[in-house]
2 protein chains.
Amino acid sequence: MKEKILSLINEGKYLTARSEISKLNVVDAAHLFEEIEPQQILIIFRILPKDFSSETFSHMSTDLKKYVIDSLTDEEAIRIFDDLFFDDAVDLLEEMPANVVKRILRNTNAQTRELINQFLKYPDDSAGSLMTIEYVDLKSEMTVAQAIQYIKDIGIDKRTINTCYVMDSSRVLNGVVSLRRLILSDESELVKDIMETDFISVTTLDDQEDVAARFKKYDYYVMPVVDKENRLVGIITVDDILDVIDQEATEDIQKMAAMQPFETEYLKSSNWALTKHRLPWLLILMLNATFTAGIIQKYESALQSAIILTAFIPMLMDTGGNSGSQSSSLIIRGLALGQIKTKDILKIIAKEFSVGVIAGSILAAVNFLRLYFINQEELSLALTVTLTLFITVVIAKIVGGVLPMFAQKLKLDPAVMASPLITSIVDVVSLFIYFYIATFFLKL
Amino acid sequence: MKEKILSLINEGKYLTARSEISKLNVVDAAHLFEEIEPQQILIIFRILPKDFSSETFSHMSTDLKKYVIDSLTDEEAIRIFDDLFFDDAVDLLEEMPANVVKRILRNTNAQTRELINQFLKYPDDSAGSLMTIEYVDLKSEMTVAQAIQYIKDIGIDKRTINTCYVMDSSRVLNGVVSLRRLILSDESELVKDIMETDFISVTTLDDQEDVAARFKKYDYYVMPVVDKENRLVGIITVDDILDVIDQEATEDIQKMAAMQPFETEYLKSSNWALTKHRLPWLLILMLNATFTAGIIQKYESALQSAIILTAFIPMLMDTGGNSGSQSSSLIIRGLALGQIKTKDILKIIAKEFSVGVIAGSILAAVNFLRLYFINQEELSLALTVTLTLFITVVIAKIVGGVLPMFAQKLKLDPAVMASPLITSIVDVVSLFIYFYIATFFLKL
């Protein structure tokens with residue numbers, strides 16, 4: 001299908017291409033545009049049915065949107081802009097270069113301009129930045145028949161009509177009623193008698209992660225956003241929440257791999273941008289390794305007389321690091337999903353201690369068998385390495401479990417207490433234990 | 001509010017408690033039940049309005065559901081079961097002990113029982129396991145008025161009436177029409193003239209990750225599930241997709257921390273279950289460290305004459321591991337979200353090489369300054385460590401970027417090529433380089 005349309009375009013059969021494209025889902029049409037040659041994009045875009053082209057536009061990539069808006073006449077650009085839902089329009093302005101923004105704002109009326117400026121001010125990760133304004137507002141004294149007629153009159157331009165909002169004269173949100181409820185109710189009933197008053201709402205400055213958590217908890221598809229006086233200012237739809245959930249998980253994964261979080265896609269980020277976000281933690285963790293170097297230097301003469309000890313340092317450090325990372329990853333994720341609370345800290349210590357003892361014993365046993373029987377190392381050496389391994393695993397598990405909990409308690413981001421930091425800490429601990437035990441068993 | 005209700009219950013004022021609870025959102029009511037004393041749960045549950053108690057039940061935790069179902073009479077249990085949406089009912093049966101399942105199935109009719117058994121067979125991560133059957137089915141020859149009347153007649157028991165499905169006599173899905181479209185259309189229009197035919201569907205055996213990707217791509221709230229003959233068998237609603245997205249991210253995070261993925265929440269998992277999922281990779285990676293031990297032992301005599309080299313092994317290995325993990329995390333996440341494709345491999349190598357050179361240079365410079373000027377180590381040692389560091393970072397970045405791509409190419413899970421495995425590989429590489437350069441600079 002895609003190939004067919006592309007070849008129609010290349011052959012200059014634009015009208016046939018047009019009718020084929022119009023049959024596509026608008027999302028697929030938008031993706032198709034990414035593959036059309038730049039000089040042909042505008043030709044095709046202009047001959048598409050107007051509604052279809054606006055909808056397709058709203059699903060294009062930022063780069064393509066820039067190209068299209070830049071190439072259109074003012075009049076055409078404004079038409080597209082006006083057809084967008086308000087949140088998409090605000091997002092577009094945030095992504096466009098200043099000259100394009102000016103060009104568009106110049107052509108909108110004062111009231112819209114003011115509203116846009118207000119929306120542009122909401123912090124990036126707030127409920128305000130996710131909301132749009134095309135909701136259906138009902139009055140509590142309306143009958144069901146009146147409400148449905150009202151929806152028929154104004155519904156076409158609304159983001160959703162499936163959930164309607166009942167407000168008083170000062171726009172305070174009193175209730176929520178679904179189109180489903182309206183349709184299934186008697187026409188003469190009053191909206192106030194069928195509306196739900198136990199609805200869940202968020203406020204403009206709520207963090208998007210908390211908003212997503214509410215969507216998940218209450219299985220909502222749309223959530224009202226209110227200001228401090230409980231006046232309705234917008235709605236958030238679940239399709240935006242899908243993106244928020246992905247984005248929050250990505251952020252956590254980035255932090256857990258010792259990076260500062262960033263939103264730009266990998267392939268669209270410059271090399272310097274990619275480096276900038278990775279460098280700080282690499283530097284900090286590298287300088288932190290002064291401690292491990294210090295410990296080894298302190299035991300230099302001991303090491304000289306038992307150089308074989310060196311051979312097992314990487315294994316001990318890696319196993320310790322891996323053990324700790326496993327624990328911290330589970331706890332960080334559990335905290336992010338709200339499955340673990342700070343009050344659970346004692347349970348977590350107990351669990352991680354048990355897991356550490358079980359896993360540590362098995363690892364130690366395997367390790368001892370290998371060192372003593374297969375590698376035929378001396379018993380004292382095999383014991384030193386094995387005992388260190390066991391203690392390191394137990395401590396790593398507890399450190400990995402506890403540090404994210406402390407971070408949460410201190411209102412820091414638990415995701416930072418992940419693999420790399422835990423590894424650094426466990427490195428120091430395991431070296432200490434290693435040399436301490438070695439001095440005892442090997443009589444250094 | 002919660003405290004007030006709990007104290008009402010403790011004082012035995014059940015009827016007042018009942019009316020307070022009925023004012024709650026059912027999700028909050030379900031959460032409240034988790035805090036009521038076991039002997040009082042049933043008293044409260046039984047006096048709640050029937051619809052309210054069924055809805056509350058569907059939002060309870062698995063443990064509480066088990067307790068409630070177990071304590072109810074057969075008749076009560078069946079009523080609750082019948083009130084559940086089909087997907088929730090199937091999920092309930094999957095979670096309940098065998099005797100409860102028997103008890104419930106014994107009391108359902110043969111047709112339902114057959115359907116339940118069919119649904120229980122869908123693989124855990126498939127579209128089939130997510131779907132439910134309470135959709136509205138329309139005929140293409142219906143008028144809008146007839147369709148709306150039909151929805152009024154049957155809508156009350158449907159999961160959603162916001163999207164309706166138009167099927168022919170053999171249940172083949174021909175089109176989709178939204179309630180919105182019906183309401184906003186002329187009553188005499190025919191369903192077939194207003195239905196969308198460019199709808200997106202999934203099949204029962206599609207992986208839930210792919211289903212979620214389609215929801216995100218097309219901004220759907222409900223998606224039809226069809227069989228091989230394109231007959232409608234169920235629908236998937238977006239609230240279940242929110243959970244899928246969380247679950248898939250959790251799985252990736254678990255794999256990236258060298259664990260086998262598991263779905264049970266941390267606090268609800270036994271210590272042995274937690275250990276079991278962590279042990280295999282810990283063992284593999286521990287035994288893998290034989291290589292690092294081997295390299296060090298090979299260079300033992302060289303090391304003996306320059307024991308100070310040992311001091312920087314942890315720093316080199318950690319920095320290498322961290323550098324590689326950063327790259328692999330970004331690539332794994334990019335692949336999971338579909339932002340990176342296997343064909344991008346050359347771009348990724350180029351990017352990671354550049355990032356490695358920039359980050360490696362800065363880290364090397366800082367490291368040299370510290371070793372030579374602050375620690376006043378010998379120039380040859382400072383150069384050995386610094387050069388190794390630079391090369392290690394560059395190689396780690398490339399290895400971290402490339403391995404997940406190879407995994408994806410080989411249809412393995414890229415998430416396994418994460419931090420721990422990359423660290424193990426980079427350990428070996430960095431030690432080789434270290435000793436190679438040391439033999440040259442320090443003339444070992």
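Predicted model: local features only at pLDDT ≥ 70, side-chain atom pairs only at ≥ 80, totals over all residues.
The crossing of α19(A) and α21(A) is right-handed.

The residues in the contact of α19(A) with α21(A) divide by class into 11 nonpolar, 13 polar and one charged.

## Overall form of chain A

Chain A contains 22 helices and six strands. Its radius of gyration is 30 Å, whereas the globule rule gives 22 Å for 444 residues; chain A is therefore more spread out than a compact globule. Along the principal axes, the C-alpha trace of chain A spans about 90 × 60 × 40 Å.

Of the 444 residues in chain A, 44% are buried. Among the contacts in chain A with a separation of 6 or more, 69% are between residues 24 or more positions apart.

## Contact between chains A and B

Chain B and chain A each supply 93 residues to the contact between them. On the side of chain B that touches chain A, the element that gives the most is helix α19 of chain B (residues 313-336), with 14 residues. By class, that side of chain B holds 51 nonpolar, 24 polar and 18 charged residues.

Key
Residues numbered from 1 in each chain as written. Chains lettered and ligands numbered in written order. Left-handed = near helix turned anticlockwise from the far one by under 90°. Helix = DSSP H or I, 4+ residues; strand = E, 2+ residues; numbered from the N terminus. Nonpolar A, V, L, I, M, F, W, Y, C, P; charged D, E, K, R; others polar. Contact = placed C-beta atoms within 7 Å. Rg over C-alpha atoms; globule rule 2.2 N^0.38 Å. Buried ≥ 20, exposed ≤ 12 C-beta atoms within 10 Å, placed from the backbone.
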